[in-house]
Number of protein chains: 2
Amino acid sequence: MAKKAEQRRQQILKAAFEAVAAKGYDSVTLQDIADYAEVSKGVTNYYFKNKVDVFSHLLEWITTRIYEKEAASIELKETALEKLEAYINQVFVSPEENKTFYSVYLDYLSQMKHQERYRQINQQFYENCWSIGREIITQGLEEGVFHVEDVEQAAISIRSMIDGTLIQWLMSQDDGRHASYKSHCHQSVLRLLQASS
Amino acid sequence: MAKKAEQRRQQILKAAFEAVAAKGYDSVTLQDIADYAEVSKGVTNYYFKNKVDVFSHLLEWITTRIYEKEAASIELKETALEKLEAYINQVFVSPEENKTFYSVYLDYLSQMKHQERYRQINQQFYENCWSIGREIITQGLEEGVFHVEDVEQAAISIRSMIDGTLIQWLMSQDDGRHASYKSHCHQSVLRLLQASS
DNA sequence: CATTTTATACTGACTGGTCAAATTATTCTA
DNA sequence: TAGAATAATTTGACCAGTCAGTATAAAATG
């Protein structure tokens, strides 16, 4: 039955995610995935063409999930400023919850140089992120709270600031400073969008 | 002779760098390094304790080199605005020259989760970067061209913007848009430092 | 000729992927 | 509906290949 098969695939992806989070992209073996999924080794090859296929689907899952959560976070907010705050809050949601996600995502970033498929998936992710940025900026311009000339460029800048802050956050080890990175990022993005120069 | 030995070690590090740039961190073998250095496999193990030792020294070399070039680029400039521009110019110096460097650096970023030694080296690198930022900001404040409350925070923000832009640049494939990422980053950082909000 | 340096063969561990056999689920038939 | 027949799924042993690290022999050096 197709439903059962889809469930198995999800189970394997979840296992792969946990394995990568724990051991890092390049040291995860098919056996690891099988162990985390509590199935035998052959199963992975039964539901996926090969290892890269598993990891491609995993990247798709991760980026889609990140985007959906970000998109959902701004949905209910009214003003551009509220949306922006909700957006940043969602990115830095909590050490336990998000650190793992972005840390696995970072593993993929370095693989993109050599895996065209990963790059494509990431490109889609970027475009999704940029569209969130555009939405917030455009609304802010209408409300008169932001002042930017080039919406496209500003959207890219927002993502740059988020990515850059995320990396320093991931490297910082110190979970206590988690909140400071968030407000930090928020203030910087506000400066980017509100500067009148 | 100590001099000869040091030369050999440099030769091996250079080979390792080329190998990682070409094949990616996790698929480089000791044999690859030997091949790029045009020596036999035994040499690498003679001059370095093991593979991680080679790669640790390589990361140290890369981050030191990036920092030195950045520090040198602002040395000769007079004003804070000139220094800032020179700094950003140095980061986005040219696709051929720097893309490889940062692309290898990105490979390391994802390894830091599991290699304490790498994290330490990177921490030193960050502190060097922050110190460059601080220097530029402090001078800009004195000259009255920048307006920020917290110098430390602003320095971190600059690096966030640079790192974030670098990543999107590395992923963009399109070398033609290289210049636009540079001016892009420059304008954003200016906005961060000059905003009067 | 003694020491340092380089080359090479080897080992033991591990990997991704294959596959035939075992197991389980589903369908068919009498 | 019992039970055989068929299909789908799961298992784990296996293979061919790769790797880091070691041991040792050979060569260079001074």
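By class, the surface near DNA strand C comprises seven nonpolar, five polar and four charged residues. Here Ala, Val, Leu, Ile, Met, Phe, Trp, Tyr, Cys and Pro count as nonpolar, Asp, Glu, Lys and Arg as charged, and the others, Gly among them, as polar; a residue is near a strand if one of its heavy atoms lies within 4 Å of it. This is a predicted model, in which local features need pLDDT of at least 70 and side-chain atom pairs count only at pLDDT 80 or more, while totals for chains, interfaces and linings use all residues. Residues are numbered from 1 along each chain as its sequence is written, chains are lettered from A and ligands numbered from 1 in the order in which they are written, and side-chain values use heavy atoms, leaving out hydrogens and water.

Of the 16 residues around DNA strand C, Lys41(A), Lys51(A), Arg8(B), Tyr46(B) and Tyr47(B) come nearest. Sugar and phosphate make up 61% of the atoms of DNA strand C that come within 4 Å of the protein.

A rotation of 180° with 0.0 Å of shift along its axis superposes chain A on chain B (RMSD 0.1 Å), by least squares on the C-alpha atoms of residues with pLDDT of at least 70 in both. The two copies are thus related as by a two-fold rotation axis.
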